[in-house]
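Colleague: Before I use any of these labels, I want to see what stands behind them. Take me through a few.

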Amino acid sequence: MIISTNWLSDYIKHGLTENDLADRLTMCGLEVESVDFIGSDLEGVVVGRVVSAERHPNADRLSVCQVDLGDGEPIQIVCGAPNVAAGQKVAVATIGTTLSLPTREDPSVKADLTMKQVKIRGEESNGMICAADELGLGEDHSGTLVLDSDAELGQAFGAYLSARGTVLKDAAIDISITPNRPDAISHLGIARDVAALTGASVNPPAVAVPAHGGLAAEQVSVTIEAPELCSRYVGVLVKGVTIKESPDWMKQRLLAIGLRPRNNVVDITNYVMYECGQPLHAFDFDQVAGHHIIVRQTSGETSFTTLDSKERALPSGTLMICDANREVAIAGIMGGENSEVSQSTSNVLIESAYFDPSTIRRTAKALGLQTDASYRFERGIDSEGQAWAAMRAAQLMVELAGGELVDGIVDNHPRPFVAKKVMVRAARVGQIVGVEIDPDEMVRLIEAIGFQVSTVTESPLKWEVTVPSFRPDVEREIDVIEEIARLYGFDNIPEPQHSSIPNFTPTSSNTRLLREKSRNVLSGNGYRETYTNSMLPAEVAEMFNSTSLPAGRFKGETVHTLNPITTEMSALRPSMLPGLLKVVGHNQNHGQTAVKLFEFGRVHTKKKTNVTLVGEYTEIESLIVAASGNWEGQGWYGSAREVDLFDLKGTVDLLLASIGMSSIRYADSKPNDIFDYGVDVYSGKRLLGTLGKVSKKIAQDYSIRLAAFVGELDWGTISELNSTNGTPRYVAVSRFPVVERDIAVVVEKSQAVGPMIEKITTAGSPLLSEALVFDVYEGKGIEDSQKSVAFGLRFAADRTLRDNEVDQAVSKVLKALEQEFGAQLR
Amino acid sequence: MSDENTHSDQAHGANGADAALQALKALQAEIQETVLDTVGAVDAYRIRFLSRKQGQITELLKRIPEVANEHKKRFGQEINAAKALVESRIETAAAAFAETETAKGPAFDLTLPGRAVAQGSLHPITQALRLITRVFESYGFDVAEGPEIEDDWHNFTALNFPPDHPARDMQDTFFIEAPSHAHDGILLRTHTSPVQIRVMENKKPPIRVIVPGRVYRNEAISYKSYCLFHQVEGLYIDEGVTMADLKQIIHAFARTLFGEDVKMRFRPSFFPFTEPSAEVDIWWKDENLPDGGRWMEIMGCGMVDPNVLEGLGIDSEKYTGYAFGMGIERIAMLRYGIDDIRILYENDIRFLEQFS
């Protein structure tokens, strides 16, 4: 909300500069977003008298004037205004004055000009006699602005104007109002806080507020059919108004706070709302059928045209203001076109009511229509402010619209306000805030913002605090403590020199520790970490909700948001693959020939599983690694080599080993919708994830030119399997020599090597400590249908191995290979 | 000549010895003088004198039997001395060559670049998060995590956001399921505060924990806001915790991140789950601004609202606590001078490699 500092100064003389005021407001919880200075103080412009005006010897349209500024010798000024004449009091911009003048090309654009002594067609000129537009007072450029004849010679023109109620300068302070401060959405509300901060007092305008009755109560009747939603409805009648423009001062103020002036009656309702916070509505009284106002909820879906000429569909149960025949306004949100004030209106009914905040909020949400009124009602306005505001508006209408107040007021008040009373213990303030504040100071601070304090007990000191009607947010002791703390100033709370840490055992989760370690391992091995969006187009999410990927294996549905920003982000990712592929494509298209990436993140699917925490959703942590392009770059030492699946397998092996996972095995995963080929990774029987070559079609979709290999692992499962695996256990290192034996066997070409290694490992146990494949050969010397596979075997024991026991182990291995795979020693 | 004749019976021996001695004499000069300036010369020298098959010293050694007994000893000594000289000259020369070789350096170009090793990197968000985590861990905070898909109760209601309250507008929410009579609404968490609730559901005070994680906001994407970001939330519940303690820990944090002389202010604000609530600004120096800098908001914080504690069965008279929360992106952007949040999610390698 924007406030005008001039307007504010009507109610409080705080003596602060605009910037100091802004700082003080910010530091008491009314965050100032900006301070905009409006207008200029016209320094250097003074009141002068034209002593003589002679025609310029060299120019017919110019006059050479002698102007008395009240300080002795008159000065000479050349003037172009047709109306300038001896005896006039005028505003003179003296040498050195800077004015913001309308430019000749476009009068709406202004440029600064500083007055200098000049010669105009040979005649000396020492300043400028100003027209209204040159002083920022409207758009009149027809001639010299002629001042009142009693204007004091030599007086600063700014002082002349302020003495006549015109303001030159203002500042617009934009304040971000938090939802707990409905009391501060008005100038008087801000003034209350300023009072507490400065000790100055608040002076609201004097308004006579009658009790229900009088002529007004005879001419208007109000029925509240929904008293739980409308606890008060006040109506005031002003007759015989003339609808016209508001006076300059009011337009100036409305413009300063960002409102467009419309006509005097509507402007007054806005003005009073920004003055005290009470939204008002002005009905054309002659359009209110039966002169009867009924507040009730709609009983079915209704269509209604609001005063912005939009037809709106209202849900059943919408709180409406009706006359004897029809709806005339959506309560607390916007009036209807059928009863709005128009040029021809002469009798005005001012509505000032209290509507239930939740009801207004629901309706405003349902209609997608937030107005200045709904903004205030849904936060909770002053429960006691209705009659004052209505009478204040009536007062202004009498003053500015020539209306006549109909005596009395309609005040239908089915649920009168009962002030809340809160018990506050003085000592509790210190227990929360951490500083002992003088009790008298605490009382002063909250009394300054309208709370009443009475002492209940002296020892321990306890108060009964009566909460003012404009603070619906304050209900408990802690709310009052907050008020004290904020006005006392958080910056005045000293920091303790010591702090204690509770005696407890930190239990950092294994998931996080393993994740952090893995981040180090991957980044230490050439992978770059990414963070990608969790939200995807629905069809992409659908495509990657694949049983080839960790989250897709749950066979759940894709998760959609009900209110996406765009369709590009309407579903939650079931896999991090699409995000990473986008990054791979982006980088390849920006000249990167080697892309190695990883990311940790959550993936989602809709299905209730044993890891479900919320609703029917399964959220698992996933780790994705991706590599595309060169694994090794070209250098003087050799040519480039493109990444292949075994590079990625190596990475995954290293990663899993580094977090202490052993007995990892891989199984060929069948070609599927995501991968051209790939392998599933297992630890024992538990599936950890899948690695594979991204299918050609998908690569194309993501403009990936080079073969891309990706592995997505279920980090939840990996963490779970490592739940006890934090601290390594030392195993004695053998002091005895290792025996190495190489064997080469011939098998069918189609025979997978992976299972052979597994077989060797079991058959060679317990002496066999390691088996690795060092050669796979097809070709010369081997039959076409066969291949040779060479293994390096290492045997070790906690004693010196004898040749014959190693020989025995090797023959066991060979026998097993022969039995299982028909392998023949080469 | 007479001598030769006189000792004719020994003539052979005497003459043989003489010849051998003379041969030795002749060799000694060559042994001494042969120039050993190349590896080849040294090799030839070694072969000429010491070769097992044709070495001249080897040959002379074979002739020892020819020498008369009384000369044998001296002959032997001289031959050995000659042999020792050869060996020593070879050694000296070889050492000299080795030295020259080392001094010359190896026979390949050492100025060629090293074999490239791929460089990896941690994302700046991770780096900022680690920094933040390290600070709070050093002050005895535990770390907890929670789900991104949350129910309305944990995300709002338990945190003292009343239904139909404007406070809910402070955080534009992505909904997944509208609430029904059967269950709460389901949504994407708008902050990591629901994890506070989950922690308090499972643990009694004292609680001292930070909660990092991804959160979602339904806001238009621009240079300063993205549809998701990461937060770190902190919570400390114990007996006797005050706002002064909160200021102390936040100040310690700000000093670590922004320097010992960081200028900081606490400004009253509003969050439904804390009361009193504050926002923390730090003074960000910027020579280009009229005031030489400006206040930059880095986090929100406050004293945990008694409603939150009581809702979880924690006695709010006995226990008080503070909570704070900050955006990791914001901290990262300030620290690294990043001016557009979207670049964090684009993952251009030319960006990522700056954080290697």
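Modeller: Start with A:G317, which sits in the loop between β18 and β19 of chain A; helices (H or I, at least four residues) and strands (E, at least two) are DSSP runs, numbered from the N terminus. This is a predicted model, in which local features need pLDDT of at least 70, side-chain atom pairs count only at pLDDT 80 or more, and totals for chains, interfaces and linings use all residues. Residues are numbered from 1 along each chain as its sequence is written, chains are lettered from A and ligands numbered from 1 in the order in which they are written, and side-chain values use heavy atoms, with hydrogens and water left out.

Colleague: Why is A:G317 called partly exposed?

Modeller: Its relative accessibility is 24%. Buried means under 20% relative accessible area and exposed over 50%, with partly exposed in between (1.4 Å probe, protein chains only), so A:G317 counts as partly exposed. Leaving out residues up to four places away in sequence, A:G317 touches A:Q297 and A:T298, where contact means heavy atoms within 4.5 Å.

Colleague: What makes A:Q278 buried or exposed?

Modeller: A:Q278 has a relative accessible area of 3%, and is therefore buried. Its place is in the loop between α7 (264-276) and β15 (280-284) of chain A. Apart from neighbours within four places in sequence, its contacts include A:M273, A:F377 and A:I381.

Colleague: Which backbone oxygen lies 2.9 Å from a polar atom of the A:Q278 side chain?

Modeller: That of A:A353. A polar contact is a pair of N or O atoms within 3.5 Å; within protein, one must be able to donate a hydrogen and the other to accept it, and residues adjacent in sequence count only if both atoms are side-chain atoms.

Colleague: How do you know that the length of α17 in chain A agrees with its residue count?

Modeller: The expected span is 1.5 Å times one less than the number of residues. For the 14 residues of α17(A), 645-658, that gives 20 Å, and the end C-alpha atoms are 20 Å apart, so the two agree. Just after α17(A), A:G660 has a positive phi of about 85 degrees.

Colleague: At what angle do α6(B) and α11(B) cross, and what is that called?

Modeller: The axes of α6 (residues 124-138) and α11 (residues 328-336) of chain B cross at roughly 100 degrees and come within 9 Å. Therefore α6(B) is roughly perpendicular to α11(B): angles under 35 degrees count as roughly parallel, over 145 as roughly antiparallel, 65 to 115 as roughly perpendicular and the rest as oblique.

Notes: Axes fitted to C-alpha atoms, helices over the stretch in contact; angles between N-to-C directions.
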